[in-house]
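Trainee: I would like a close look at a single part of this model. Please take it slowly and keep the terms defined.

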Amino acid sequence: MPSSVVNSYTYFPETEILRIVYQSGAVYDYLKVPVSISEKFREAQSKGRFMNNVIKRRFKYIKIN
């Protein structure tokens, strides 16, 4: 999963949280992300583009680190 924006990610289906670790080291939890969106994110050719066009526009977040 090489990405110039996203270093890694984890989806927690029981809480619908998508945790993104950015290349900068920043960690964000995106809230109430349905499993269908997490699957589309996982399959996306460009994780950064998907983050900017879908996740960031639709879901609230909490900065973890």
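Trainee: How many residues lie between β2 and β3 in their hairpin, and which residue in the turn has a positive phi?

Mentor: Four residues lie between β2 and β3, and G25 in the turn has a positive phi of about 100 degrees. This is a predicted model, where local features need pLDDT of at least 70, side-chain atom pairs count only at pLDDT 80 or more, and totals for chains, interfaces and linings use all residues. Residues are numbered from 1 along each chain as its sequence is written, and side-chain values use heavy atoms, leaving out hydrogens and water.

Strands here are DSSP runs of E, at least two residues, numbered from the N terminus; two of them pair if DSSP finds at least two bridges between them. Strand β2 (residues 17-22) pairs with β3 in the antiparallel sense over four bridges, with L18 opposite Y30. On β3 and strand β4 (residues 61-63), three bridges join the antiparallel strands, and Y28 stands opposite K63.

Both faces of β3 (residues 27-30) are covered: V27 and D29 on one side, Y28 and Y30 on the other, are all buried, meaning under 20% relative accessible area with a 1.4 Å probe, protein chains only. For Y28 the value is 18%.

Rings of Phe, Tyr and Trp (its six-membered ring) pair if their centres lie within 6.5 Å; planes under 30 degrees apart count as stacked, over 60 as edge-to-face and the rest as tilted. The count comes to six aromatic pairs. Y28 and Y61 form an edge-to-face pair, 5.4 Å centre to centre with 70 degrees between the planes. Y28 lies in β3 and Y61 in β4, so this pair ties together parts that are 33 residues apart in sequence. Ring pairs link Y22, Y28, Y30 and Y61 into a cluster.

Methods: Buried < 20%, exposed > 50% of the residue type's maximum accessible area, 1.4 Å probe, protein only.
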